[in-house]
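Hi,

Here is the structure I said I would pass on.

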Amino acid sequence: MNKEQLFEAIGEVDDSLVEQASVKQSRKGRIFHFRPAAWVAAAACCLVVGTAILGLPKKGMGATSADTASNATASSTQEAGGAGPEYAMDMVTEDAAPGAAVMDGSAQNSTAKLAEVTTQKVIYTAELEMESTQYEETLAQLLAKVEEMGGYQESSTQGGSLEYGTRWYNASFRIPSDRYEEFLSSAQGVGNVTWLSQDSQDVTLEYVDLEARISSLETQRQRLDELAAQAETVEDLIYIQGQLSSLEYQLESYGSQMRVLENQVSMSTVTVRLSEVATITPVTNSFASRVSDAFTRGWTGFLDGIQGLILGIISVWPVLLLAAVLVVVIITIRKKRINKNSK
Amino acid sequence: MDDNAILDLYFARDERGLTGAAAKYGGYCSAIAMNLLGKIQDAEECVNDTWLGSWRAIPPTRPLNLRVYLGRLCRNLALNRLRYSSAQKRGGGIALLEELEECLSGGQTPDQAFDAKETGAAISRFLEGCDPTARTLFLRRYWYGESVADAARFCGVPVGTAKSTLSRTRTKLKEALEKEGVCV
């Protein structure tokens with residue numbers, strides 16, 4: 001078997017499995033798992049890491065340290081359930097939509113018509129990653145901004161842990177294109193931005209091409225309508241009707257492609273990932289700020305460590321109680337023995 | 001339009017069935033084709049081939065799950081295109097196949113014929129025994145052809161975790177296939 005055959009074989013897996021994989025799953029229930037050993041280990045790790053950070057020189061850019069931090073915490077966080085599984089496939093559909101609008105060949109009309117188009121048709125997309133210490137406040141501000149710009153939320157996922165302060169929110173927003181820039185700049189104001197990527201795709205050519213096809217088909221339809229009115233035999237009429245129905249089909253298909261394209265152009269897509277952090281990734285690189293940053297991180301790390309340790313100790317209380325009882329029992333037995341010996 | 005209504009139109013050889021299927025599953029299929037082929041023109045052609053293929057195959061076949069059926073058809077057509085283009089020159093969507101090569105032992109076993117359906121059933125059994133997240137990641141990556149980053153985002157796990165989960169799943173799949181006696 002070669003790799004292509006294996007790929008083909010994977011295609012033959014059960015329909016139900018494929019269907020399941022098109023729905024986002026939530027991993028509920030795991031949040032209630034209570035494993036003292038893991039807690040103690042986690043607390044110890046926190047303490048060690050917290051104290052280690054104190055002495056470590058800061059390296060790399062802000063974004064990198066934020067990434068490693070989120071990776072490190074992710075293994076100990078639990079998902080609080082994904083929002084809206086029904087959006088799962090819709091997102092993919094939207095992504096692929098520009099592809100559906102592009103057709104091959106017959107571009108000779110387009111170039112001539114391109115000059116007539118006054119506005120460029122551009123699809124804007126952006127990805128934004130930010131962090132905040134006031135998670136709930138920032139999230140509310142962000143959603144308010146979307147509302148204010150007349151946009152809407154297409155899909156969202158949230159998760160993380162309130163206890164450890166590592167909640168995150170992943171969402172894709174659709175914003176009216178004329179307010180896209182305004183939204184991006186105001187959204188950057190609500191949190192500390194660690195990553196921003198913008199993309200624009202010029203689809204003017206495709207748009208004009210579609211327009212040209214539709215108008216040419218409509219002319220044809222008009223002509224056929226006239227012919228149908230003049231038709232003398234039933235055979236002619238049936239033939240013309242057949243032609244007409246295939247024209248209608250093409251018109252409908254181009255029309256739907258056009259609508260998809262228009263939707264993409266009029267509403268730009270902004271993907272935002274907001275994460276809760278204890279300390280904001282620094283944006284300046286001067287020695288003084290790095291020193292103060294090291295102090296802050298050291299202190300928060302230390303506090304985290306202490307909290308973890310206390311929680312760890314509390315979480316093994318049955319063991320401690322048992323140990324205390326044992327100690328008391330042993331001491332009483334020893335005292336009795338000493339008393340006997342002295343008698 | 002309801003799937004059954006679409007299928008009835010297909011059986012009645014009514015082209016509105018095609019329009020219905022294209023309207024309902026066009027996005028789904030273009031997403032798969034786009035994932036695998038990476039080029040808008042190729043994906044568009046591949047999706048058009050999918051409608052043609054379904055038109056030819058559907059009577060007599062009556063798929064139980066039209067969405068997955070069309071997706072699978074589109075995926076197979078995309079694979080054919082990949083085969084054709086990689087025969088000419090390497091590039092485009094091959095990374096995914098290179099990853100799958102890890103599941104193969106490399107030895108040639110010409111006496112055992114390859115059967116996609118049988119191997120597919122073995123893979124299904126293997127996936128049913130997997131952790132749900134690992135299963136979804138595997139199918140997002142190797143069925144839908146998504147990039148690791150997209151698959152990770154879909155499952156809400158970090159990219160690093162997704163990569164290592166996928167790698168472990170591949171290793172386990174190799175063992176499972178060997179155990180099942182499927183030639184790998």
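Predicted model: local features only at pLDDT ≥ 70, side-chain atom pairs only at ≥ 80, totals over all residues.

Chain A overall

Chain A has 12 helices and five strands. Of its 343 residues, 34% count as buried. Its accessible surface is about 20200 Å², and carbon and sulfur atoms make up 59% of that. If you take the contacts in chain A with a separation of 6 or more, 84% of them are between residues 24 or more positions apart.

Helix H11 of chain A

This one covers residues 287-315, which is 29 residues. From first C-alpha to last, H11(A) reaches 41 Å, close to the 42 Å expected at 1.5 Å a residue. Which of its residues are buried? They are Ser289(A), Asp293(A), Gly298(A), Gly301(A), Gly305(A), Gly308(A), Gly312(A) and Ser315(A). When you look at the spacing of those positions, remember that an α-helix has 3.6 residues a turn, so residues three or four places apart point the same way.

Asn170(A) sits in strand S3 of chain A, residues 168-176. Is Asn170(A) buried or exposed? Its relative accessible area is 13%, so Asn170(A) counts as buried, the cut-off being under 20%. Leaving aside residues up to four places away in sequence, Asn170(A) touches Ser155(A), Ser156(A), Thr157(A), Val272(A) and Arg273(A), plus Arg153(B) from chain B.

Glu252(A) belongs to helix H10 of chain A, residues 234-266. With a relative accessible area of 46%, Glu252(A) is partly exposed.

A helix pair in chain B

Now to H7(B), residues 132-142, and H8(B), residues 148-155: their axes come within 9 Å and cross at roughly 140 degrees. The crossing of H7(B) and H8(B) is right-handed. What makes the contact? From H7(B) come Thr133(B), Thr136(B), Leu137(B), Arg140(B) and Arg141(B), while H8(B) brings Val148(B), Ala151(B), Ala152(B), Phe154(B) and Cys155(B). Sorted by class, the contact has six nonpolar, two polar and two charged residues.

Cheers

Definitions and conventions: Residues numbered from 1 in each chain as written. Chains lettered and ligands numbered in written order. Heavy atoms only, no water. Axes fitted to C-alpha atoms, helices over the stretch in contact; angles between N-to-C directions. Helix = DSSP H or I, 4+ residues; strand = E, 2+ residues; numbered from the N terminus. Left-handed = near helix turned anticlockwise from the far one by under 90°. Contact = heavy atoms within 4.5 Å. Nonpolar A, V, L, I, M, F, W, Y, C, P; charged D, E, K, R; others polar. Expected span 1.5 Å × (residues − 1). Buried < 20%, exposed > 50% of the residue type's maximum accessible area, 1.4 Å probe, protein only. Areas by Shrake-Rupley, 256 points an atom, 1.4 Å probe, with all protein chains shown as cover.
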